Amino acid sequence: MNHLREYYERQDTEELLELSARGLTEEAQVVLAQVLKSRGVAPAAVEKVQERVPQRHAHERQLNKLLGEPSARLVAFLIDTVGCSILAFVLFFPLRSISEEAHQFAVVLAWWLYMLFRAAPTGQGFGKKVLNLRVVGVETGQKCSWFQSFWRNLTHFFFIVDAVFLLSNRRMRLGDMIASTVVVKSSPPSQNA
């Protein structure tokens, strides 16, 4: 019991309140209540948190059902990257008869233009369309604008750093955070899922 008390006393009050909403053993609940009481936290405040935390967790679970999976997003990115490269190479192939440099420049320019603006105006590039994903504004839920598409995709220069951010709870890469966008599933999941 002393071990538990020492552990609780090292935690912030906010962390203890979060902890109070979890399924603790009876002994742990008693010790936690004593530590919170010694910090001047009223039992009514603890009860409010215990009611609010499960609601927030339910909201987060519902949100996670709507968010695009990182693996699906990676596949969509690969489809866009490879598909655009092949299409641009073939489309601008006649330029090779004029100049190899002109061909390369046209392919690279077309690739970058597509990659930067592919989420606008529908919220989907080809890869996201294939995988039923869509880019929307975090605040509005509206389709990604040209401006948002540019800023969210500009961070592809820093691919590894950008991708690490996908591990956050809202699955937003750095570009999404800058542009205030999030990737969601185009069709809502079934109620049974």
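Reader: How many disulfides does the structure hold?
Author: Zero disulfides. This is a predicted model.

Reader: Cys84 and Cys144, then: buried or exposed?
Author: Cys84 counts as buried because its relative accessibility is 11%, under the 20% cut-off. Cys144 is buried as well, with a relative accessible area of 1%.

Reader: OK, salt bridges. How many?
Author: The structure holds five salt bridges. One of them joins the side chains of Asp176 and Arg73, at 2.7 Å from N to O. Asp176 lies in helix H10, residues 174–179, and Arg73 lies in helix H5, so this pair ties together parts that are 103 residues apart in sequence.

Reader: What else does Asp176 pair with?
Author: Arg152 forms a salt bridge with Asp176, and their closest N and O atoms are 2.8 Å apart. Arg152 lies in helix H8, residues 146–154, so that pair ties H8 to H10 across 24 residues of sequence. Through shared partners, the salt bridges join Arg73, Arg152 and Asp176 into one network.

Reader: Changing topic. What's the order of elements?
Author: From the N terminus the chain runs α-α-α-α-α-α-α-β-α-α-α-β. That comes from 10 helices and two strands.

Reader: How do E1 and E2 pair?
Author: They pair in the antiparallel sense over five bridges. E2 covers residues 181–185, and Gly137 stands opposite Thr181 in E2. E1, residues 133–137, is mostly covered, with four of its five residues buried.

Reader: Where does Lys185 lie, and what is it in contact with?
Author: Lys185 lies in strand E2. Setting aside neighbours within four places in sequence, Lys185 is in contact with Lys65, Leu66, Leu67, Gly68, Glu69, Asn132 and Leu133.

Reader: What about the nonpolar surface patch? Which residues make it?
Author: The patch is about 1,100 Å² and is made by Leu74, Leu78, Phe157, Phe158, Phe159, Ile160, Val161, Val164, Phe165, Leu167 and Met177. Helix H5, residues 70–91, and helix H9, residues 159–164, are the elements giving two or more residues to the patch.

Reader: Which element gives the largest share?
Author: H9, with four residues. Ile160 lies in H9 and is exposed, with a relative accessible area of 61%.

Reader: Chain totals, to finish. What's the accessible surface?
Author: It comes to about 12,200 Å², and 64% of that belongs to carbon and sulfur atoms. Of the 193 residues, 32% count as buried.

Reader: What share of contacts joins residues at least 24 apart?
Author: The share is 65%, among contacts between residues at least 6 apart in sequence.

Key: Residues are numbered from 1 along each chain as its sequence is written. This is a predicted model: local features need pLDDT of at least 70, side-chain atom pairs count only at pLDDT 80 or more; totals for chains, interfaces and linings use all residues. Side-chain values use heavy atoms; hydrogens and water are left out. Patches are made of residues with over 30% relative accessible area and no salt bridge: like charges are joined within 9 Å, nonpolar side chains (Val, Leu, Ile, Met, Phe, Trp, Tyr) within 5 Å. Accessible areas come from the Shrake-Rupley method with a 1.4 Å probe; for residues, only the protein chains shown count as cover. A salt bridge is a side-chain nitrogen of Lys or Arg within 4 Å of a carboxyl oxygen of Asp or Glu. Buried means under 20% relative accessible area, exposed over 50%, partly exposed in between (1.4 Å probe, protein chains only). Contact means heavy atoms within 4.5 Å. Two strands pair if DSSP finds at least two bridges between them. A disulfide is a pair of cysteine sulfur atoms within 2.5 Å.
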